[in-house]
Amino acid sequence: MLHKLIRVVLIAVLVTLISPVSSPSPSFATGTKTLEQFLHDYTGESVDVDGYPEQPYQCTDLYRLYNREVVGGAEELIPGDGGAHSLWNNFTNAMSKSYTKVPASSNARRGDVAIYGKELPGSIGAGHVAIVLADEGTALKLLHQNYGSRYYVTQDSGISKNYLLGYLRPRQSDTSVGSVTGGGSTTVDQLGRVWMFATKANGDLHYRHTNTTGDSWDPFRKVGSSKSWSPTAATSTITDPTGQVWMFAVKKNGRLYYRHTNTAATKWERFNRVGSGNWSTSTPTTLTVDQLGRVWMFATKANGDLYYRHTNTTGDSWDPFRKVGSGNWSG
Ligand SMILES: [Ca+2]
């Protein structure tokens, strides 16, 4: 029995070494939706956040929803004269906390906000705002509303860059993440998307994933409260056979949390706290999935006691924790 346990632990340790781990938290400080979920929720729908004007479905309504639900930016009215061009021409201090301005001559990234000027033909001096889905060179693939007299949200390729003022790039897509000691973690979901999690040295935890073809990234998203995660224990992540992506992370105060996505991996279920304890802030939780589809977790307490448990085959409940050996494991 002991040998078997040691073998399981060794395998788990090997898995950890091969695939780095990272840490999660209780709610988003930024947006609550991924771009994928946003596309799923609104493509083909008519959206209005202000009940204005007579024809209420503007391009700016979709921008405000994107800012609220995906970027998590400050909630405010469109500045200047209220036209979409004002998002660039009258960029506010509040907006600068969530976006950086990127010139129209730069390559766009998926998730950027594209803004067109007042001279855009047919815009009646308002310009246009849209979410970039892809940069096609001289044209863009965009998600937008009220384009070509369609008063609902569409995805269109081949939209010209003529009259483009520039892009507002969500600051979450800043790529300078990763702590010196904690490392990151990765998993591949059942759609073939690569997910990465990494904690900054200041305790900010970020993640993002590729599209299904692996040739572009969604914007970074910040997990839970700022600066609260242990920068010395990497987040742990794994995908189970039902398609759920799991993540475990320990806070600086030793509280360990986990959560997983739905089976389509389009949104997160709520966070759960693991036990009541004082977990190691330097040792990542180790995860593996067995042939029955059960998720196993191993975690070390601050005092060196090592525990493990696993889910049932449907992944909706855990076996009791068991302690490994007599303690004093490396923390
Ligand atoms: Ca409106």
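Author: Begin with contact: two residues touch if their C-beta atoms, placed from the backbone, lie within 7 Å. By that rule Glu45 touches Tyr152 and Val153, not counting residues up to four places away in sequence. This is a predicted model, in which local features need pLDDT of at least 70, side-chain atom pairs count only at pLDDT 80 or more, and totals for chains, interfaces and linings use all residues. Residues are numbered from 1 along each chain as its sequence is written.

Reader: Where is the place of Glu45?

Author: Helices (H or I, at least four residues) and strands (E, at least two) are DSSP runs, numbered from the N terminus. The chain has 5 helices and 18 strands, and Glu45 sits in the loop between α2 and α3. Glu45 and Gln145 lie 100 residues apart in sequence, with 9.0 Å from C-alpha to C-alpha.

Reader: Does Glu45 count as buried or exposed?

Author: A residue is buried if 20 or more other C-beta atoms lie within 10 Å of its own, exposed if 12 or fewer, and partly exposed in between. Glu45 counts as exposed because it has 11 C-beta neighbours inside 10 Å. Across the chain, buried residues make up 42% of the 331 residues.

Reader: How many residues of α3 are buried?

Author: In α3, 11 of the 13 residues are buried, including Leu62, Leu65, Val70 and Val71. The helix covers residues 59-71 and reaches 17 Å from first C-alpha to last, close to the expected 18 Å; the expected span is 1.5 Å times one less than the number of residues. Just after α3, Gly72 takes a positive phi of about 75°.

Reader: Which residues have the most contacts inside the largest nonpolar core?

Author: In soluble globular proteins, nonpolar side chains tend to be buried together. A nonpolar core is a set of buried Ala, Val, Leu, Ile, Met, Phe, Trp, Tyr and Cys residues joined through C-beta atoms within 7 Å. The largest one here has 37 residues, and Ala114, Ile115 and Leu142 have the most contacts inside it. Its largest share, 7 residues, comes from α3. Leu142 touches Ala114, Ala130, Ile131, Val132, Leu133, Asp156 and Ile159, not counting residues up to four places away in sequence. A second, separate core of 29 residues includes Leu205, Trp279, Phe298 and Tyr307.
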